[in-house]
Amino acid sequence: MDTKIKKEERFKCEDGKPAAIRMAQLPDGSFKAAFFVGRGKSQSKRFSFRCTTEARALESFDTLMKMFS
């Protein structure tokens with residue numbers, strides 16, 4: 001199984017940089033919700049949660065949205 005993006009929100013940070021919050025299912029069946037800044041090769045992960053269930057990953061996604069968007 002490849003990494004599969006399940007949910008994504010794109011927005012701009014206060015400084016105008018592009019950002020995204022993504023929730024993905026990983027090849028091992030676990031999930032990750034992560035906050036990224038930038039695009040393409042300049043994109044960097046700033047914060048993430050790794051979860052064993054999709055429900056917990058969705059909660060983590062919502063938490064990241066409240067924190068960063």
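Visitor: Which side chain is joined to that of Arg-22 by a polar contact of 2.5 Å?

Guide: This is a predicted model, in which local features need pLDDT of at least 70, side-chain atom pairs count only at pLDDT 80 or more, and totals for chains, interfaces and linings use all residues. Residues are numbered from 1 along each chain as its sequence is written, and side-chain values use heavy atoms, with hydrogens and water left out. A polar contact is a pair of N or O atoms within 3.5 Å; within protein, one must be able to donate a hydrogen and the other to accept it, and residues adjacent in sequence count only if both atoms are side-chain atoms. Under that criterion, the 2.5 Å partner of the Arg-22 side chain is the side chain of Glu-8.

Visitor: What separates the C-alpha atoms of Arg-22 and Glu-8?

Guide: Arg-22 sits in strand β2. Along the chain, Arg-22 and Glu-8 are 14 residues apart. Between their C-alpha atoms the distance is 4.4 Å.

Visitor: Is Arg-22 buried or exposed, and at what relative accessible area?

Guide: Buried means under 20% relative accessible area, exposed over 50%, and partly exposed in between (1.4 Å probe, protein chains only). Contacts of Arg-22 (heavy atoms within 4.5 Å), leaving aside neighbours within four places in sequence, include Ile-5, Phe-36 and Phe-61. Arg-22 counts as buried, because its relative accessible area is 14%.

Visitor: Which side chain makes a polar contact with the side chain of Ser-30?

Guide: Ser-30 is placed in the loop between β2 (18-25) and β3 (31-37). Leaving aside neighbours within four places in sequence, Ser-30 is in contact with Ala-24, Gln-25, Arg-50 and Cys-51. At 2.6 Å, the polar partner of its side chain is Asp-28.

Visitor: How far apart are the C-alpha atoms of Thr-63 and Lys-7?

Guide: Thr-63 belongs to helix α1 (residues 54-68). Its relative accessible area is 34%, so Thr-63 is partly exposed. Thr-63 and Lys-7 are 56 residues apart along the chain, and their C-alpha atoms are separated by 14 Å.

Visitor: What pattern does the protein follow along the sequence?

Guide: Helices (H or I, at least four residues) and strands (E, at least two) are DSSP runs, numbered from the N terminus. The protein has 1 helix and 4 strands. Read in sequence order, the pattern is β-β-β-β-α.

Visitor: What share of the residues counts as buried?

Guide: The C-alpha trace spans about 35 × 25 × 15 Å along its principal axes. Among contacts with a separation of 6 or more, 28% are between residues 24 or more positions apart. Of the 69 residues, the buried share is 35%.
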